Amino acid sequence: MKVIAVKELKKYYGQVKAVDGISFEVEEGTVVAMLGPNGAGKTTTIEILEGLRKKDSGEIYYFGKKVEEIDETIKQMIGVQLQKTAFFEYLTVYETLELFAALYNKKVDKQRIKSLIELVALEEKAKAKIKELSGGQLQRLSLAVALVNDPKIVFLDEPTTGLDPQARRHVWQIVEDLRKSGKTIFLTTHYMEEAEKLADHVLIMDHGKIIAEGTVDQLINSLDMESYVEFWTDQPEKLLEKLEGTVLLNHDKLQIPAKNVEEVLHKLFDLSKTLQLKIDNIVIRRSNLEDVFLKLTGRLLRD
Ligand SMILES: Nc1ncnc2c1ncn2[C@@H]1O[C@H](COP(=O)(O)OP(=O)(O)OP(=O)(O)O)[C@@H](O)[C@H]1O
């Protein structure tokens, strides 16, 4: 069952084509990740779906029904975690959840709030004031807030931006648990690891358009390139000329796409001998979504 379908969605801000005619579908019980760099149009898209911004044109369907406006009926079925959530600094974690629960028609009892606090592992902080929480804890609280009305669909806008690796993994675990419990999750991210780890379906977005989509495997297989050899060299320009497909990653780091790693390494060492170059820090790694983005746009996902 398709819980969301979007057709030719558009939103312009003056000359800026923030969302430029995108179409996609979200299957029930799956995690869909919209992956793209800053400014790609992810927040605009997710906030239109949440009813926080108005579309210019295009069609939105929830549970197969076309919706002109994201009304109360839909709002009762969705949970929203915003990129930045403002909480009252002097309320406790428990009181904050109580406050948000009061905004919904559904009855939210004490037990439900307790189990939400458990779900996001904030038991020890239940009585702590908002101003005493770390960034990771705040992010987990905003996840709990998104779940307060027991939504069918959960929207997460860059749920781990600014978190350290441990806090990030913690959020990932919660998202995986939510998926297991049957929720549908739509998230935006500019971390390819996040999309690779969580998503059943990835929408790659750039300059307001979806430039590729599929499962992580489908997207990576579309490259037809198994691995990448990356290394440092003192004279990158010489190798750029001689080795086909070589890309300069930053000022002195090069990357060669390799269908056959052994062959590429032989070539590389032969060339380094004849051209008398230094080579160091060689890393061989499997293809990932960053490579897909690089191939499609000629740019890196990361800034
Ligand atoms: N309210 C607004 N008024 C004018 N321009 C806007 C507005 N909101 C977004 N934009 C512009 O639309 C484009 C898409 O922005 P959007 O926030 O949707 O991207 P994003 O992919 O979510 O990026 P980020 O990860 O930085 O939030 C950007 O060029 C942005 O500057």
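This is a predicted model: local features need pLDDT of at least 70, side-chain atom pairs count only at pLDDT 80 or more; totals for chains, interfaces and linings use all residues.
Among contacts between residues at least 6 apart in sequence, 71% join residues that are at least 24 apart.

**Helix α1**

- Nine of the nine residues of α1 are buried, so this helix is largely enclosed by the rest of the structure.
- Just after α1 comes Gly-51, which takes a positive phi of about 85 degrees.

**Helix α3 against helix α4**

- Helix α3 (residues 93-101) packs on helix α4 (residues 110-119) at an angle of about 120 degrees, and the two axes are 10 Å apart.
- Because of this angle, α3 is oblique to α4, and α3 passes α4 in a right-handed crossing.
- On the α3 side the contact is made by Val-93, Tyr-94, Leu-97, Glu-98 and Ala-101, while on the α4 side it is made by Ile-113, Leu-116 and Ile-117.
- The residues in the contact of α3 with α4 divide into seven nonpolar, no polar and one charged.

**Helix α3 against helix α5**

- The axes of α3 and α5 are 10 Å apart, and the two helices pack at an angle of about 30 degrees.
- Angles under 35 degrees count as roughly parallel, and α3 and α5 are therefore roughly parallel to each other.
- The crossing of α3 and α5 is right-handed, and the contact is made by Val-93, Thr-96, Leu-97 and Phe-100 of α3 together with Leu-141, Ala-144 and Val-145 of α5.
- By class, the contact of α3 with α5 has six nonpolar residues, one polar residue and no charged residues.
- Val-93 and Leu-97 of α3 take part in the contact with α5, and these two residues are also listed in the contact with α4.

**Helix α5 against helix α6**

- Helix α5 (residues 135-146) and helix α6 (residues 165-180) have axes that come within 10 Å and cross at roughly 15 degrees.
- These two helices, α5 and α6, are therefore roughly parallel to each other, and α5 passes α6 in a right-handed crossing.
- In this contact Gly-136, Gln-139, Arg-140 and Leu-143 of α5 meet Ala-167, His-170, Val-171 and Ile-174 of α6.
- The residues in the contact of α5 with α6 divide into four nonpolar, three polar and one charged.

**Met-77 and its contacts**

- Met-77 lies in the loop between α2 (72-75) and β6 (78-81), and this residue is partly exposed, with 16 other C-beta atoms within 10 Å.
- Although Met-77 and Asp-150 are 73 residues apart in sequence, they are 7.7 Å apart in space, C-alpha to C-alpha.
- When its neighbours within four places in sequence are left aside, Met-77 is in contact with Pro-151, Lys-152 and Ile-153.

- Most residues other than glycine have a negative phi.
- Glu-8, a residue other than glycine, has a positive phi near 50 degrees; Glu-8 lies in strand β1 (residues 2-13) and is exposed, with 12 other C-beta atoms within 10 Å.
- Ala-121 is not a glycine either, yet Ala-121 has a positive phi of about 55 degrees.
- Ala-121 lies in the loop between α4 and α5, and with 15 C-beta neighbours inside 10 Å, Ala-121 counts as partly exposed.

Technical notes: Residues are numbered from 1 along each chain as its sequence is written. Axes are lines fitted to C-alpha atoms, for helices over the stretch in contact, and angles run from 0 to 180 degrees between N-to-C directions. Helices (H or I, at least four residues) and strands (E, at least two) are DSSP runs, numbered from the N terminus. Angles under 35 degrees count as roughly parallel, over 145 as roughly antiparallel, 65 to 115 as roughly perpendicular and the rest as oblique. A crossing is left-handed if the near helix is turned anticlockwise from the far one by less than a right angle, and right-handed if clockwise. Two residues are in contact if their C-beta atoms, placed from the backbone, lie within 7 Å. Ala, Val, Leu, Ile, Met, Phe, Trp, Tyr, Cys and Pro count as nonpolar, Asp, Glu, Lys and Arg as charged, and the others, Gly among them, as polar. A residue is buried if 20 or more other C-beta atoms lie within 10 Å of its own, exposed if 12 or fewer, and partly exposed in between; C-beta atoms are placed from the backbone.
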